[in-house]
Amino acid sequence: MRHIVLVLSTFLFSILGISQESISITYTGNMGVHIIHEQSSVLIDGLHTKYGDDYLFPSKDLVHKINYELKPDAILFTHHHGDHFSSQLSKNYLELNRKAVLFGAHQITKNFTDHRERIFTITTKDYIKQTTKINDFSVSGVKINHAGKRHVSVENVGYIVNFNGKKVLHVGDTNWLEEINLFNQLRLVDESIDIAIIPYWMLLHKNTVELLKKNINPKHVVATHISPKIPPNELVELKRKYPKIYFLTTLDEQIQIPL
Ligand SMILES: [Zn+2]
């Protein structure tokens, strides 16, 4: 009997696609994503407050959900700008979740005097990836320059989260930056990236398709940092141009990406 149940449930699961390995991503505003793979989860750029009308930020309810329901194992920040990071919300999170760890460049981690054993600093002096194992996943941080000439002093860090061989890349506020040969130095194309989370302006380059393939070559792309004030026709046009790319625009929306 038990055998029949097992066979039947395996059959059911396979036709329903439940057994298919996947990564689920919940949007928390601007470039904020909560990424779940099996029992593990990380939050990247997910705790910040109002910064201006062009930036979505997690509502009080969503911050509460992060603190008490989603409870990511690690909170990662790409850089210290207010549309990506709040030191107060991060401190609250670490207080409430005593096993959680935090990653960021020095401009982020210098804000924390408590819980030093749970704070990991990524150096941005060169493009060498720095990897730390946390439970059953690993986090690799690497310098990826911030876009824009007035932001050269911003320490922007990209992350590759490796969930048992499935890799999610988040690049923060960067751009293709061909003038400094950025992506050639990063060698992300050798990493077998499954999901790349990028700011949507990287899709506005005239050679986007070629640049994505040559520099990252991900299986899936998720576009973020889309202003709530973007003209609707611009967004429609982008979605039409890139039908396979996921566009995150609504707080707390969830996408399931099969791997
Ligand atoms: Zn920024």
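Tutor: Residues are numbered from 1 along each chain as its sequence is written. The model is predicted, so local features need pLDDT of at least 70 and side-chain atom pairs pLDDT 80 or more, while totals for chains, interfaces and linings use all residues, and side-chain values use heavy atoms, without hydrogens and water.

Student: What makes His 79, His 81, His 146 and Asp 173 donors of the zinc ion?

Tutor: A donor is an N, O or S atom within 2.8 Å of the metal (3.2 Å for Na, K and Ca); water is not among the atoms, so a site may look incomplete. Here NE2 of His 79, ND1 of His 81, NE2 of His 146 and OD of Asp 173 lie 2.1 to 2.3 Å from the zinc ion.

Student: Why is the site of the zinc ion called irregular?

Tutor: Four donors are tetrahedral if all angles lie between 85 and 135 degrees; four are square planar, and six octahedral, if opposite donors are over 155 degrees apart and all others between 65 and 115; anything else is irregular. The angles among the four donor atoms run from 88 to 167°.

Student: What makes Arg 240 and Glu 237 a salt bridge?

Tutor: The rule asks for a side-chain nitrogen of Lys or Arg within 4 Å of a carboxyl oxygen of Asp or Glu. The closest N and O atoms of Arg 240 and Glu 237 are 2.8 Å apart, and the pair forms a salt bridge. Arg 240 is exposed at 57%, and Glu 237 is partly exposed at 37%. By this rule there are eight salt bridges.

Student: Which other pair links distant parts of the chain?

Tutor: Lys 65 and Asp 252, 187 residues apart, do so. Their closest N and O atoms are 3.0 Å apart, and they form a salt bridge.

Student: How is the lining of the largest pocket divided?

Tutor: Ala, Val, Leu, Ile, Met, Phe, Trp, Tyr, Cys and Pro count as nonpolar, Asp, Glu, Lys and Arg as charged, and the others, Gly among them, as polar. The lining has seven nonpolar, two polar and four charged residues.

How values were computed
Helix = DSSP H or I, 4+ residues; strand = E, 2+ residues; numbered from the N terminus. Buried < 20%, exposed > 50% of the residue type's maximum accessible area, 1.4 Å probe, protein only.
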